[in-house]
Amino acid sequence: MALESSQTNNADQDELDNFNRLSNTWWDLEGEFGALHKINPLRLEFMRKHHEIKNQKIVDIGCGGGILSESLAANGADVTGIDLAEEVLTVAKLHGLDSGVKVNYQLIAAEEFAKENNEQFDIVTCMEMLEHVPDPSSIIQAAAECVKPGGWVFFSTLNRNYKSYLLAIFAAEQVLNLVPKGTHTHEKFITPAEMDAMARKADLYLRDASGIEFNPLLNHYGLNDDLSVNYLLAYQKAL
């Protein structure tokens, strides 16, 4: 099914096609997206440092196959997951039926969703998504519009430097096959300073930042203070 142009003006069709092509592997813990399953507990840990999850109304922008969305719902949140990769979203819906975890999945662009849901959510999440769109500032603005004044917005993305190229692309994609080849484009990575400048324009204010330690050879994953590769940011919307 073709998407309306209003939904795809901030989407890279090649990116969507790539994720759709791999949709059947989304919930394979040892498959193409196994790394996402391994770091998902870290995302939850980071969020819990700042805000309760239970009984909160949350939208997960760029939810993909629902790894984060389901875990938030399983922890008692009222979760909506939105994405533009139709086949991946179908996988998310089917997995939810199998797991019994209820998430409201919608095939809609973040910008369009924000127009319809202004200041309706306690928390907005947008994880590993900004580096896949033509205009990340538009997604950040949409996230800010969705969250209530004083609410929290959590982002994760990849820093842009030589180290991130070596680890996130050369090692992870080409050597270790931790993520599918072609998943990332280094030029689309976002430095923390660029990220914060876009967030401040959207009236989001930085409260915390954390790096994600990712060592598949030692099977060790954790949070640290190193933002040089994968990093998480916690923002609060101005009152």
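Guide: Asn55 is exposed, with a relative accessible area of 63%; exposed here means over 50%, buried under 20%, and partly exposed in between, with a 1.4 Å probe and protein chains only. This is a predicted model, in which local features need pLDDT of at least 70 and side-chain atom pairs count only at pLDDT 80 or more, whereas totals for chains, interfaces and linings use all residues. Residues are numbered from 1 along each chain as its sequence is written, and side-chain values use heavy atoms, with hydrogens and water left out.

Asn55 sits in the loop between H3 and strand E1 (57-61). Helices (H or I, at least four residues) and strands (E, at least two) are DSSP runs, numbered from the N terminus. The phi of Asn55 is near 65°, a positive value in a residue other than glycine. Most residues other than glycine have a negative phi.

H3 contains 15 residues and reaches 23 Å from its first C-alpha to its last, close to the 21 Å expected at 1.5 Å a residue; the expected span is 1.5 Å times one less than the number of residues. The helix is kinked by about 30° at Asn40, shortly before the proline Pro41, where the bend is the angle between axes fitted to the seven residues ending at that position and the seven starting there.

H3 is mostly covered, with eleven of its 15 residues buried. Among them are Gly34, Ala35, Leu36 and His37, as well as Leu42, Arg43, Leu44, Phe46 and Met47. Asn40, the site of the kink, is buried too. The cover over the buried residues of H3 includes helix H4 and strands E4, E5, E6 (204-215), E7 (220-224) and E8.

The largest nonpolar core has 37 residues, of which Trp26, Leu72 and Phe154 touch the most other members. Such a core is a set of buried Ala, Val, Leu, Ile, Met, Phe, Trp, Tyr and Cys residues joined through side-chain atoms within 4.5 Å. Two or more residues come from each of H2 (13-21), H3 (34-48), H4 (67-74), H5 (86-99), E4 (121-127), E5 (147-158) and E8 (230-237). H3 gives the most to this core, with six residues. Apart from it lies another core, of 31 residues, among them Val124, Met195, Met198 and Leu233.

Setting aside neighbours within four places in sequence, Leu72 is in contact (heavy atoms within 4.5 Å) with Leu44, Met47, Ile53, Ile58, Ala77, Val79 and Thr125.

Of the contacts between residues at least 6 apart in sequence, 72% join residues at least 24 apart.
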